[in-house]
Amino acid sequence: MACLHDHSCEEHDCSSTWSLYQHIDISKVFALNEATPGSVKSVFKAWEDRLNTSGEHLESNEGDPELLVFIPFTSDVKIKSISIVGGASGTSPSKMRVFINREGIDFSDAQSMQAIQEWDLVENMQGVLEYQTRYSKFQSVANITLHFPESFGGDKTEIHYIGFKGEATQLKRDAVVNIVYELLPNPSDHKTRAESGGGLSHIE
């Protein structure tokens, strides 16, 4: 199901709800069948920049519109909706299938596996549509794979923006290690009551 914004985004500050951008591990994002290697990273950007098409974008190889995009997160997330801004002239993807917490999926896997959810897409040139997830199935998402099997035009697929709406459920994984370390402090790293001449201990 797609949700259409029926209000002024400037007045309602919709950008603050597209918070999962900062939780995407951009360095580990990749796509299969992209015409320009690494270009997939350019479609993940701040919500307010979603209509900026002047830079690089994701495009499939000519004559083959199928794309497979793998997106890992820096922390587990809950995903409420997904937004896709595609290309013009029939190059927008017409269908999207989603798999979660499955690494190493290729086209053969995607075509034979049951997706957790799939949508028939609409050409969303103004970035006002959100595709609602079955929220109960999109809890504790460590990574998500988006399969775009075809476009409206048939020859190739172009994508300028992919956005996720939801919330993070944990601290960043690398931060968890630091927190555990702090629970077992080295006495030499911190001042004690005796060393500071009284008062409360202070952990710096």
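1. Ground rules. The model is predicted, so local features need pLDDT of at least 70 and side-chain atom pairs count only at pLDDT 80 or more, while totals for chains, interfaces and linings use all residues. Residues are numbered from 1 along each chain as its sequence is written, and side-chain values use heavy atoms, with hydrogens and water left out.

2. The main core. A nonpolar core here is a set of buried Ala, Val, Leu, Ile, Met, Phe, Trp, Tyr and Cys residues joined through side-chain atoms within 4.5 Å. As for burial, buried means under 20% relative accessible area, exposed over 50%, and partly exposed in between (1.4 Å probe, protein chains only). The largest nonpolar core has 31 residues, and the ones touching the most other members are Phe44, Ile71, Ile79, Ile82, Ile144, Leu146 and Phe164. At least two residues each are supplied by strand E4 (67–86), strand E5 (95–100), strand E7 (129–132), E8 and strand E9 (158–168). E4 gives the most, with eight residues.

3. The other core. There is a second, separate core of six residues, with Phe99, Ile105, Ala110 and Met113 among them.

4. Asn143. Have a look at strand E8 (residues 141–148), where Asn143 is found. Is Asn143 buried or exposed? Asn143 counts as buried, because its relative accessibility is 5%. A polar atom of the Asn143 side chain lies 3.2 Å from the backbone nitrogen of Arg102. That is a polar contact (a pair of N or O atoms within 3.5 Å; within protein, one must be able to donate a hydrogen and the other to accept it, and residues adjacent in sequence count only if both atoms are side-chain atoms). Contact in general means heavy atoms within 4.5 Å. Leaving aside neighbours within four places in sequence, Asn143 is in contact with Phe70, Ile71, Pro72, Phe73, Phe99, Ile100, Asn101, Arg102 and Glu103.

5. Thr145. Strand E8 also holds Thr145, which counts as buried at 3% relative accessibility. With neighbours within four places in sequence left aside, Thr145 is in contact with Leu68, Val69, Phe70, Arg97, Val98, Phe99, Arg102 and Ile105. Thr145 and Ala115 are 30 residues apart along the chain, and their C-alpha atoms are separated by 9.7 Å.

6. Pro149. In the loop between E8 and E9 you will find Pro149, which is partly exposed at 22% relative accessibility. Not counting residues up to four places away in sequence, Pro149 touches Pro65, Glu66 and Lys95. Pro93 is 56 residues from Pro149 in sequence, yet the two are 7.7 Å apart in space, C-alpha to C-alpha.

7. Salt bridges. A salt bridge is a side-chain nitrogen of Lys or Arg within 4 Å of a carboxyl oxygen of Asp or Glu, and the count comes to seven. One of them joins Lys28 and Asp25, with the closest N and O atoms 3.8 Å apart. Lys28 counts as exposed at 52% relative accessibility, whereas Asp25 is buried at 16%.

8. Bridges between strands. Asp120 pairs with Lys95, the closest N and O atoms being 3.6 Å apart. Asp120 lies in strand E6 (residues 117–120) and Lys95 in strand E5, so this pair ties together parts that are 25 residues apart in sequence. Lys95, Arg97, Glu118 and Asp120 are linked in a network of salt bridges. Another bridge joins Lys165 and Glu130, with the closest N and O atoms 3.8 Å apart. This pair links distant parts of the chain, with Lys165 in strand E9 and Glu130 in strand E7, 35 residues apart. Lys165 is partly exposed at 23% relative accessibility, but Glu130 is buried at 5%.

9. Rings. Rings of Phe, Tyr and Trp (its six-membered ring) pair if their centres lie within 6.5 Å; planes under 30 degrees apart count as stacked, over 60 as edge-to-face and the rest as tilted. A search of the whole structure finds two aromatic pairs. The Phe73 and Phe164 rings have centres 5.7 Å apart and planes at 75 degrees, so the pair is edge-to-face. Phe73 lies in strand E4 and Phe164 in strand E9, so parts that are 91 residues apart in sequence are tied together. Both Phe73 and Phe164 are buried.

How values were computed. Helices (H or I, at least four residues) and strands (E, at least two) are DSSP runs, numbered from the N terminus.
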